[in-house]
Amino acid sequence: MTMPDTVVPSNLRLIGGEMLVWSDDDATAGRVAAHGRLLGTLAERACRALPGARRVLVAGPHSVALVARLAATGVKITCLVRAYADGAAVARRLPDARVLCGSLAKLDADEQFDAVVALDGLHRLSSVEGADLTWGESLERLIGALAPDGRLVLGLDNLLGVHRLVEMTPWYADETDAAWSPVGEYDESRPRSLHQLGERLGRAGLRVAASYAGYPLPGAPSVLVGAGGAADDAALRGFLDGTISAALGDAYAGTPVLSDPRR
Amino acid sequence: MHHANHFYGHAHVLARYCGLDPERPPRLHGYVQHGWNIGDGLAPGTPYVARSPIYLWSEQTRRRAWSLGRRNTVVIGAPWVYLQQLEPEPAGPASPREGTIFYPFHGWEKQKVKGDHRGLISMIKEVEEGPVTICLYWQEFQTRRIRRLYERAGFRIVCHGYRGYWWDKTDTRFLYHQLAELRRHKRVASNRVSSALWYGILSGCEPAVYGDPMVLDDEDPTFGGIGRIRRQWPELHGTHVDVALARELAREELGVSFIASPSELREMFKWPSPGDEPL
């Protein structure tokens with residue numbers, strides 16, 4: 001085990017709960033940060049909607065490219081990541097960004113942001129160290145960090161999504177290094193559906209301005225389908241089916257699957 | 001079975017708990033975490049036989065160990081907790097606890113500690129009001145230069161015994177000595193968060209962590225060392241800390257809620273039942 005580059009960038013601060021020999025964006029280990037053009041667009045739009053140069057918290061592992069895109073809109077970025085390597089990568093590429101490395105549980109409760117971007121979901125905001133926040137607790141913390149009228153851009157992995165249904169190895173048999181706590185089913189505070197998610201956010205005092213179903217994979221969807229509208233329009237439905245099918249086909253080409261995701 | 005299982009008489013305490021001869025614990029199948037650890041539960045450099053079970057103190061350590069690639073990890077709590085169960089605090093009027101027992105950070109056979117003992121001594125004198133006992137690890141206890149510094153300061157010096165190395169000269173009463181000493185004192189303090197501190201909190205002392213944490217020769221930086229400990233457990237650092245919170249943390253770090261029954265331990269360790277022919 002070796003420490004990565006030990007010259008700590010000056011815009012990076014360790015806040016407690018940090019994971020020094022871990023990365024959430026390590027393709028060789030099968031771990032990828034939220035990335036891609038579409039997610040970037042979603043987040044960018046939320047940032048552009050903020051009047052003036054406002055404060056944005058990017059919580060969880062997001063690709064450097066995505067964060068850079070947000071920074072380019074002129075907002076003041078604070079990144080919260082648990083893995084030192086990931087934080088250092090962002091800190092070096094974006095010297096004007098502030099990077100906090102550690103667990104969500106250690107985020108300063110008093111600090112407020114005009115927007116919180118958590119497109120990777122909430123499951124990678126706690127680290128192995130210290131308090132293991134439930135989904136619900138993580139949501140409360142993030143909402144607590146929102147200034148009045150603030151915006152939350154949130155991603156949630158659908159445990160019954162196509163990507164899970166076609167997987168050869170089910171989630172409960174995950175023996176990778178990242179699976180130190182079983183996810184999903186055992187966390188009662190985690191919403192099971194888009195509908196439940198909407199309800200949960202409503203109870204927390206948030207109004208859902210827009211929601212999308214993403215395909216093929218939660219970390220980097222290439223298709224985002226907005227709610228409503230498609231039910232009556234056969235042509236639109238056909239178009240959506242075709243688009244989603246093609247996206248899944250591309251994503252899974254050459255990968256062994258349990259059943260054909262395009263169906 | 002790794003010789004670290006015998007450190008401090010851990011295997012002996014566990015054998016007693018399981019109804020077996022405490023002087024001759026059977027071979028233990030796997031590795032028992034022998035000290036409070038911010039790594040994967042094994043001391044750095046422990047030669048690990050693949051797929052052997054590792055018995056860890058806390059759920060926290062288990063999560064961390066898993067992320068570092070360790071599988072076959074079982075949380076059983078610290079041997080200390082089993083000892084406290086076997087030796088409950090005597091009921092009835094007891095002599096009141098008095099003073100502070102201070103554990104200066106120590107090295108071991110392969111790593112020495114460098115630091116300003118004099119500075120630490122003057123800080124202890126400043127902070128502590130009652131009588132002070134200094135508990136030196138055997139290595140510092142035997143180093144006359146260090147021991148004399150503390151003696152000359154007017155402190156009472158104790159040593160809990162020899163920890164044991166490669167099954168040799170293990171003081172099987174080490175933890176018992178430690179428990180008795182901790183129960184005499186009102187406060188337990190150290191210049192670093194350590195097993196002794198956690199043990200002290202669990203056995204009823206008020207904790208404190210202050211003073212120069214000192215430097216260990218070739219300290220493994222991978223897990224972030226002192227800085228990381230301060231960031232993760234800030235509540236423990238200071239001359240006077242929140243005792244209720246400290247007790248909760250100690251219960252977690254020593255895995256109090258994970259204590260196994262004697263038959264569970266015997267099953268995991270591959271130990272015989274009391275009365276069976278020895279293996």
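Helices and strands here are DSSP runs, with helices of at least four residues and strands of at least two, numbered from the N terminus. The model shown is predicted.

**View 1. Thr169(A) and Leu258(A).** Thr169(A) sits in the loop of chain A between α5 (162-165) and α6 (194-203). Its relative accessibility is 46%, so Thr169(A) counts as partly exposed. Leu258(A) is 89 residues from Thr169(A) in sequence, and their C-alpha atoms are 8.9 Å apart in space.

**View 2. The salt bridge between Arg54(A) and Asp114(A).** The closest N and O atoms of this pair are 3.3 Å apart. Arg54(A) belongs to the loop between α1 (37-48) and β2 (55-59) of chain A, and Asp114(A) to strand β5 (residues 113-118); the two are 60 residues apart, and the pair links distant parts of the chain. Arg54(A) is partly exposed, at 33% relative accessible area, whereas Asp114(A), at 9%, is buried. Over all chains, the structure holds 24 salt bridges.

View 3. Arg63(B) pairs with Glu59(B) in a salt bridge whose closest N and O atoms are 3.8 Å apart. Because they are four residues apart in helix α2 (residues 59-67), about one helical turn separates them. Arg63(B) is buried, with 6% relative accessibility, and Glu59(B) is partly exposed, with 24%.

**View 4. Helix α6 of chain B and the positive patch.** Arg118(B), Arg144(B), Arg145(B), Arg148(B) and Arg152(B) form a positive surface patch. Helix α6 (residues 144-152) supplies the largest share, four residues. Arg118(B) lies in helix α4 (residues 117-127) and is exposed, at 59% relative accessibility. Also in helix α6, Glu151(B) and Arg147(B) are four residues apart, about one turn. Their side chains meet in a salt bridge of 3.2 Å, N to O. Glu151(B) is partly exposed at 36%, as is Arg147(B) at 27%.

**View 5. A negative patch on chain B.** Glu235(B), Asp242(B), Glu248(B) and Glu252(B) form a negative surface patch. Glu235(B) is in the loop between α9 (225-232) and α10 (243-253), and is partly exposed with a relative accessible area of 33%.

**View 6. The largest nonpolar core.** This core has 55 residues, of which Trp80(B), Trp198(B), Leu236(B), Leu254(B), Leu265(B) and Phe269(B) touch the most other members. Elements of chain B giving two or more residues to the core include α1 (10-17), α3 (79-86), β4 (100-103) and α11 (262-269). Helix α8(B) gives the most, six residues.

Conventions: Residues numbered from 1 in each chain as written. Chains lettered and ligands numbered in written order. Predicted model: local features only at pLDDT ≥ 70, side-chain atom pairs only at ≥ 80, totals over all residues. Heavy atoms only, no water. Patch = residues over 30% accessible without salt bridge, like charges linked within 9 Å, V, L, I, M, F, W, Y side chains within 5 Å. Areas by Shrake-Rupley, 256 points an atom, 1.4 Å probe, with all protein chains shown as cover. Salt bridge = Lys/Arg side-chain N within 4 Å of Asp/Glu carboxyl O. Lys, Arg positive; Asp, Glu negative; His and termini not counted. Charge placed at Lys NZ, Arg CZ, Asp CG, Glu CD. Buried < 20%, exposed > 50% of the residue type's maximum accessible area, 1.4 Å probe, protein only. Core = buried A, V, L, I, M, F, W, Y, C linked by side-chain atoms within 4.5 Å.
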